[in-house]
Amino acid sequence: MIAPLLIANRLEARALVANAVRSAFYERFGENPSGDDRLWQIDPLSRLDFVSDVELKLGVAFRDEDLEFLETPSDLIERGAEILIREGVR
């Protein structure tokens, strides 16, 4: 019985983060993120602003180690989902 709840929580967390990442990316850069976008190619200050936008939308804070090796917006979605699950989906 616990496995379906964990899966549902994981899907809900991923959907919440995906929405936050996509909307923050669009608001900041004027286009939807694609698989070809690389976060490390974004100006460091713009990248911090983007991550801050995502944090504000989700109501959680990323730690430095959460962001250290992110390459694509999809990586940020996966990491954000892990954080929401770790802190509890609200």
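What follows is a short walk through confidence, a pocket and a helix.

Start by coloring everything by pLDDT, since this is a predicted model. The protein averages a pLDDT of 84, and 89% of its residues reach 70 or more. Now pick out two helices. Residues 44-58 are helix α2, which has the highest mean pLDDT among the elements, at 91. Then select residues 64-67, helix α3: its mean of 75 is the lowest among them.

Next stop, the largest pocket. Select Leu39, Trp40, Pro44, Arg47, Leu48, Val51, Asp64, Leu67, Glu68 and Leu70, and you have its lining. Two elements, α2 and α3, each give two or more residues to that lining. Which element supplies the largest share? That's α2, with four residues. The space inside comes to about 210 Å³. Color the lining by class and you'll find seven nonpolar residues and three charged ones, with no polar residues.

Last, go to residues 73-87, helix α4. This helix has 15 residues and spans 21 Å from its first C-alpha to its last, close to the 21 Å expected at 1.5 Å a residue. Now look down the helix axis.

Definitions and conventions
Residues are numbered from 1 along each chain as its sequence is written. This is a predicted model: local features need pLDDT of at least 70, side-chain atom pairs count only at pLDDT 80 or more; totals for chains, interfaces and linings use all residues. Side-chain values use heavy atoms; hydrogens and water are left out. pLDDT is the predictor's confidence in each residue, from 0 to 100. On a 1 Å grid over the protein atoms alone, a cavity is a set of points where a 1.4 Å probe fits but cannot get out, and a pocket is an open set with protein on both sides within 12 Å along at least five of seven lines; lining residues have an atom within 4 Å of a point. Grid points are joined across faces, edges and corners, and a volume is the space filled by probe spheres set on the points. Ala, Val, Leu, Ile, Met, Phe, Trp, Tyr, Cys and Pro count as nonpolar, Asp, Glu, Lys and Arg as charged, and the others, Gly among them, as polar. The expected span of a helix is 1.5 Å times one less than its number of residues.
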